[in-house]
Every structure is written in structure tokens, then in C-alpha cells.
Amino acid sequence: MSNLHVLDHPLLQHKLSILRDKHTGVKEFREIATEMAGLMCYEATRNLALEEVEIETPVAKATTRRIAGKKMAIVPILRAGLGMVDGILQLIPSAKVGHLGLYRDPETLEPVEYYCKMPRDIAERQVMILDPMLATGGSAAAAVQILKGHGCKHITLMCILAAPEGIAYLHQAHPDVNIYTAAVDEKLNDHGYIVPGLGDAGDRIFGTK
Ligand code: PRP
Ligand code: URA
């Protein structure tokens with residue numbers, strides 16, 4: 001699938017195995033989720049367009065390059081996506097941040113929206129949705145639909161872990177959306193959890209279990 005980018009950099013794989021470990025505590029989990037988001041951002045922004053600018057160094061005039069055109073926005077899906085925000089903002093400090101509250105109904109596994117606050121100019125920005133887990137794909141597909149409803153045209157999803165079911169679902173619903181992930185796991189279990197996965201990302205980031 002051409003819009004699936006599995007980032008298999010050794011640093012990401014090493015950090016992911018720490019996240020997966022059930023003995024990893026809240027503090028370390030948070031720190032590593034932040035670090036992984038930063039490393040993934042480095043890869044996911046590889047193809048941003050550049051433009052030439054004239055500047056003066058202390059020594060001479062120079063033609064250098066900076067990022068051209070559209071600015072970026074990041075949209076964490078609450079709660080767990082919040083654990084990736086700082087890692088991105090360390091690299092792209094001027095990105096605007098929209099917040100989208102979705103939770104999965106435990107019975108139906110369908111996403112339920114409970115909060116949405118977007119930057120006013122979100123439609124003019126390249127948007128990166130942040131959510132560590134792409135499981136059934138319901139939450140990510142709903143997030144893309146909501147952002148398209150706000151007029152967004154350039155949307156990518158950054159997740160730490162993905163299940164094949166979620167990738168297929170999102171791709172079918174929104175084939176224009178690029179997916180960046182550090183790994184594609186085996187499957188979902190009967191409760192919609194990724195196997196082997198890392199458990200409930202929100203609970204592990206916020207220490208709620
Ligand atoms: C988790 C995760 C995703 C969603 C993925 O959130 O952070 O948003 O599940 O599952 P899906 O692909 O099947 O939709 P959850 O609903 O547990 O909410 P939380 O972040 O508040 O814990
Ligand atoms: N949400 C999580 O936090 N973990 C999973 O494995 C699936 C959905």
C-alpha cells in the first residue's frame with residue numbers, strides 16, 4: 001500500500017520495545033512516547049517542500065532554503081494522542097494544535113466524539129493527526145472525516161502502532177491519507193486491542209489503571 005509508511009529505524013524499534021514492556025512505568029512510557037513522536041516527525045516531514053531565500057550570514061550573502069508554502073497543524077486525538085504532542089512541537093514549534101476528543105465505546109468499539117477545538121485557519125494547513133494506536137481504524141477515520149468537514153485537504157496520520165485491520169479500514173475510507181507508523185502488529189483481539197500491542201495507550205500515558 002503506497003500510503004503506508006512503516007518507520008523501521010533502529011532507534012524507533014528499540015524505544016517501541018520499551019513501550020511494549022508491561023513493566024515500563026508511566027514516567028518512562030511518557031518520555032519514550034514523546035521521543036518516538038519526534039523521531040517519527042523527522043521521517044514524516046521528509047518530503048516537505050522547500051523554497052530558496054536570500055539571507056546574510058555574518059560573513060556573506062547566501063541563498064538558503066526554508067520550508068515553503070503551507071504551515072502545519074497537529075491534531076492529537078484525546079487522550080492518548082496528547083502523549084505525542086511535545087515531541088512534535090520540539091521540532092515544529094510554530095505548529096498550531098487542534099484537539100479532538102474521541103473515545104471508543106467499549107461495547108461497539110465505535111468512536112464517540114466529545115470535544116473538538118480547531119485552529120481557525122486549519123483548512124489552510126497541512127494536518128498531522130496524532131494517536132499512538134490505530135486499532136479498528138474507527139477513531140482515525142472519524143478524525144479524518146471531521147477534519148475534512150473543516151475543509152482540510154492535506155491530512156496524515158502518525159501512530160506508534162497499527163493493526164492490519166485499522167490500516168485497511170482507514171485506507172478504504174480515506175485513501176488519500178498517508179499513514180506513518182513504527183510497526184504493524186499481527187491482529188486485533190476480541191476486545192479490539194492490538195496484539196501483541198502495548199495495552200491501553202491512554203491508561204499507560206496517564207497512569208489511569
Ligand atoms: C484509543 C486510542 C485510539 C483508539 C484506537 O483510545 O488512543 O484513539 O483507541 O482504536 P480504534 O482504532 O479501534 O478506534 P480510547 O478510545 O481508548 O480513548 P483514550 O485515549 O481516552 O483512552
Ligand atoms: N486502544 C489502545 O489504547 N490500545 C489498543 O490496543 C487498541 C486501542
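Let me start in strand 8, where the bridge partner of Met72 is Gln126. This is a predicted model, in which local features need pLDDT of at least 70 and side-chain atom pairs count only at pLDDT 80 or more, while totals for chains, interfaces and linings use all residues. Residues are numbered from 1 along each chain as its sequence is written, chains are lettered from A and ligands numbered from 1 in the order in which they are written, and side-chain values use heavy atoms, with hydrogens and water left out.

Strand 8 covers residues 126-130. Helices (H or I, at least four residues) and strands (E, at least two) are DSSP runs, numbered from the N terminus. Strands count as paired if DSSP finds at least two bridges between them. Strand 8 runs parallel to strand 4, residues 72-78, with five bridges joining them. It also runs parallel to strand 10, residues 154-162, again through five bridges. There, Met128 stands opposite Thr156. Four of the five residues of strand 8 are buried, meaning under 20% relative accessible area, with exposed over 50% and partly exposed in between (1.4 Å probe, protein chains only).

Now the cores. A nonpolar core is a set of buried Ala, Val, Leu, Ile, Met, Phe, Trp, Tyr and Cys residues joined through side-chain atoms within 4.5 Å. The largest has 37 residues, and Ile88 and Met158 have the most contacts inside it. Elements that each supply at least two of its residues include strand 4, strand 8 and strand 10. Helix 2 gives the largest share, eight residues. Contact means heavy atoms within 4.5 Å. Leaving out residues up to four places away in sequence, Met158 touches Ile88, Met128 and Tyr180, among others. A second, separate core has 26 residues, including Ile77 and Leu134.

Next, ligand 1. What comes nearest among the 15 residues around ligand 1? Arg79, Arg104, Asp131, Thr136 and Ser139 do, where a residue is near if one of its heavy atoms lies within 4 Å. An oxygen atom of the ligand is 2.6 Å from a side-chain N or O atom of Thr136, and one is 2.8 Å from such an atom of Arg79. For Ala80, a polar backbone atom is 3.2 Å from a ligand oxygen.

Last, Lys148, in helix 4, residues 138-149. Lys148 counts as partly exposed because its relative accessibility is 29%. Beyond four places in sequence, Lys148 touches Ile155, His174 and Asp176.

Definitions and conventions. A polar contact is a pair of N or O atoms within 3.5 Å; within protein, one must be able to donate a hydrogen and the other to accept it, and residues adjacent in sequence count only if both atoms are side-chain atoms.
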